Amino acid sequence: MDKIELSVIIPTRNEEWLDRTIQDVLENSSNFTEVIIILDGWLPNPPLTQNDSRVTLIYNPESKGQRAATNQAVRLAKGKYIIRLDADDYLCNQYVLQDLYNKIHYSNADIVYPDHYYGNFTTIRKGQESHHIGGAMFRTSAINYFKFTEGLRGYEGLDFFHRSHGHKSKTSV
């Protein structure tokens, strides 16, 4: 495989749409993209149909939890940039990954959120709105620095958002 620029990480536990999500990512990405799937405490039945060298499947016999599985995938990522998707996410068109890649690659940002997010920081801070980080692209160095807080039972996006924005990271929307 050529030098990896982008790592797409998908932590999952019992998701029926995973095969379709992987196919969608592969169809809408380049040879410079790897896909890391963490099967957290389950094996798909029927088995996944993907047979692509860009896909790495990691099976955890015991569930570690979504945040720990995400951190596990981040540690394995070889790309300069990382995007985290849920197992039931779809890319709305063939340009999504390329657009986010261009935004982060040609800017000084550490985190790039998709344009469709129009959240209000005040309501996010009050807990009235959660900041979903699925679909955000990160420089690998930034996501490795902040990591996801393990043991949370929700609001991981809000937690990550607060910790990264309280730091000197650069964000682009």
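T12 is buried, with a relative accessible area of 6%, where buried denotes under 20% relative accessible area, exposed over 50% and partly exposed the range in between (1.4 Å probe, protein chains only). The structure is a predicted model, in which local features need pLDDT of at least 70 and side-chain atom pairs count only at pLDDT 80 or more, while totals for chains, interfaces and linings use all residues. Residues are numbered from 1 along each chain as its sequence is written, and side-chain values use heavy atoms, with hydrogens and water left out.

T12 belongs to strand β1; helices (H or I, at least four residues) and strands (E, at least two) are DSSP runs, numbered from the N terminus. Although T12 and D88 are 76 residues apart along the chain, their C-alpha atoms are separated by 9.2 Å. A pocket is defined on a 1 Å grid over the protein atoms alone, as an open set of points where a 1.4 Å probe fits, with protein on both sides within 12 Å along at least five of seven lines; lining residues have an atom within 4 Å of a point. The second largest pocket holds about 180 Å³ of space, the volume being the space filled by probe spheres set on grid points that are joined across faces, edges and corners. By class, the lining has 3 nonpolar, 4 polar and 5 charged residues, with Ala, Val, Leu, Ile, Met, Phe, Trp, Tyr, Cys and Pro counted as nonpolar, Asp, Glu, Lys and Arg as charged, and the others, Gly among them, as polar.

Helix α2 has 8 of its 11 residues buried, so it is largely enclosed by the rest of the structure.

Strand pairing links β1 to two other strands, a pair being assigned if DSSP finds at least two bridges between the strands. Strand β1 (residues 6–12) runs parallel to β2, to which 7 bridges join it, and the partner of I9 in β2 is I36. Together with helix α1 (residues 18–27), β1 and β2 make a right-handed β-α-β unit; right-handed means that, with the strands pointing away from the viewer, the path from the first strand over the helix to the second runs clockwise. Strand β2 pairs in turn with β3 (residues 55–60), in the parallel sense and over 6 bridges, with L57 of β3 as the bridge partner of I37. In β2 (residues 33–40), 8 of the 8 residues are buried, so the strand is largely enclosed by the rest of the structure. T33, V35, I37 and L39 point one way from β2, whereas E34, I36, I38 and D40 point the other way.

Strand β1 is also joined to β4, in parallel, by 4 bridges, and V8 has I83 as its bridge partner in β4. Strand β4 (residues 81–84) directs Y81 and I83 one way and I82 and R84 the other, and all are buried.

A search of the whole structure finds 4 salt bridges, each defined as a side-chain nitrogen of Lys or Arg within 4 Å of a carboxyl oxygen of Asp or Glu. In one of them, R84 meets D86 at 3.0 Å, N to O. R84 counts as buried at 2% relative accessibility, as does D86 at 18%. Another joins D52 to R54, with the closest N and O atoms 3.1 Å apart; D52 is partly exposed at 25% relative accessibility, and R54 is buried at 11%. R139 forms a further salt bridge with D110, the closest N and O atoms being 3.9 Å apart. R139 lies in strand β6 (residues 137–139) and D110 in the loop between α3 (96–105) and β5 (111–112), so the pair ties together parts that are 29 residues apart in sequence. Both R139 and D110 are buried.

Helix α5 (residues 140–146) contains S141, which is exposed, with a relative accessible area of 55%. S141 and I82 are 59 residues apart in sequence and 9.5 Å apart in space, C-alpha to C-alpha.
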